[in-house]
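Biologist: I would like to learn how to read a helix and a sheet in a model. Please take me through an example.

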Amino acid sequence: MKIVILGPAYPYRGGLAAFNERLARQYSKAGHDVKLYTFSMQYPSLFFPGKTQLSQSPPPSDLEIIRIVNTVDPLSWAKAGKRIRREKPDLLIVRYWLPLMAPSLGTICKIVRGNGHTRIISIVDNIVPHERRIGDHLLTKYFVKHVDGFLVMSRSVLKELDRFDRKKPRVYSPHPIYDIYGPPLERAAARKALHMDPDAPYILFFGFIREYKGLDWLLEAFSEKRFRELKVRLIVAGEYYVDEKPYEHLIDLLEIRPYLDLHTHFIPDADVNKYFCAADVVVQPYKNATQSGITQIAYHYDKPMIVTNVGGLAEMVPHEKVGYVTRPHIGAIADAIHDFFTSGAEEKFITNIRGEKEKFSWNYFLSRIEDLC
């Protein structure tokens with residue numbers, strides 16, 4: 001097939017770009033002709049909470065990436081739509097994660113549909129955003145109107161999709177494994193590279209820091225005296241996408257700074273494996289969620305997980321098989337962490353992870369898109 005993937009890609013950084021590029025490579029490997037259409041300007045600076053949107057890595061040499069879409073420039077939407085319409089791809093895959101993107105992506109899809117040939121499928125990360133704003137529903141409704149079908153990666157999103165459409169076809173497929181961040185490392189080597197204690201038990205909180213991800217809950221849970229007795233340490237690895245002052249104040253108020261390894265900057269792709277391989281367990285104390293790419297990185301590196309029972313997280317982490325699913329509550333998070341470090345279940349979890357992650361292959365993901373088409 002001739003396939004176009006529309007959404008974040010290099011030079012933009014982050015999980016969405018990494019996913020789209022990995023998807024393109026899987027299609028190329030299967031013998032398809034694939035192009036990525038991405039943004040010339042993704043987020044206006046007013047709406048971007050981080051320090052930079054752009055990757056510092058060299059461009060991928062194996063992908064055709066066309067930068068053409070300016071999120072706030074309707075002329076660029078028309079230009080991109082007409083170009084894709086003329087190319088007549090058999091399949092246009094559009095990534096949807098935020099109502100801000102609905103006008104540009106929806107308009108492009110509307111124009112492309114005019115060729116009477118291209119099927120338009122949206123991979124929907126969030127249909128209802130984590131952080132809601134006035135107008136979100138109308139914007140998403142506009143986008144949904146102009147695509148032919150949907151692939152969702154959590155059952156919670158599948159249910160939420162009914163708010164916007166009940167007739168168009170949709171399929172569920174779990175988020176595939178993130179296997180793009182380098183090979184597994186020996187724990188000692190990973191800790192040495194990050195200048196970490198070679199012997200301490202380590203928790204990892206990884207990814208952009210946003211309010212809904214519950215880092216404040218984790219800090220409060222971690223402050224309990226029983227973790228000092230176990231000599232547990234916490235790695236916080238990821239850039240603040242919110243004001244960092246409340247978190248810094250909380251750390252000092254709880255008097256836990258000596259027990260933290262704070263790497264609160266953007267983690268380059270080349271360093272991701274170090275953090276996961278250095279940790280004993282990955283904790284996702286989210287207050288709300290759909291699915292998470294962090295889970296799929298943890299699977300790739302055979303790391304047990306502790307997640308809260310929100311959104312689709314529990315779908316990916318069978319309780320007491322590959323980790324723990326807890327109530328979204330500080331005390332419950334603390335209890336799960338304590339049980340992990342005192343129960344001796346780590347080896348059992350790792351063994352089960354190696355079997356469980358076979359469900360999350362990229363070939364299966366492609367087959368679900370084919371089913372939808």
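Modeller: We will go through a helix and then a sheet. This is a predicted model, in which local features need pLDDT of at least 70 and side-chain atom pairs count only at pLDDT 80 or more, while totals for chains, interfaces and linings use all residues. Residues are numbered from 1 along each chain as its sequence is written, and side-chain values use heavy atoms, with hydrogens and water left out.

Biologist: Which residues of helix α9 are buried?

Modeller: An α-helix has 3.6 residues a turn, so residues three or four places apart point the same way. Helices here are DSSP runs (H or I, at least four residues), strands likewise (E, at least two), numbered from the N terminus. Buried means under 20% relative accessible area, exposed over 50%, partly exposed in between (1.4 Å probe, protein chains only). In α9 (residues 245-254), Tyr247, Glu248, Leu250 and Ile251 are buried. Seen down the axis of α9, these fall within an arc of 160°, taken from the directions from the helix axis to the C-beta atoms, so they line one face of the helix. Lys245, His249 and Leu253, on the other side, are exposed.

Biologist: What is the order of the strands in the sheet?

Modeller: Two strands pair if DSSP finds at least two bridges between them. Here 7 strands form an open sheet, ordered β3-β2-β1-β4-β5-β6-β7, with parallel pairing. β3 (65-70) and β7 (170-172) stand at the edges with a single partner strand each, so one side of each has no neighbour in the sheet.

Biologist: How many bridges join β5 to β6?

Modeller: There are 4, and Ile123 has Leu151 in β6 as its bridge partner.
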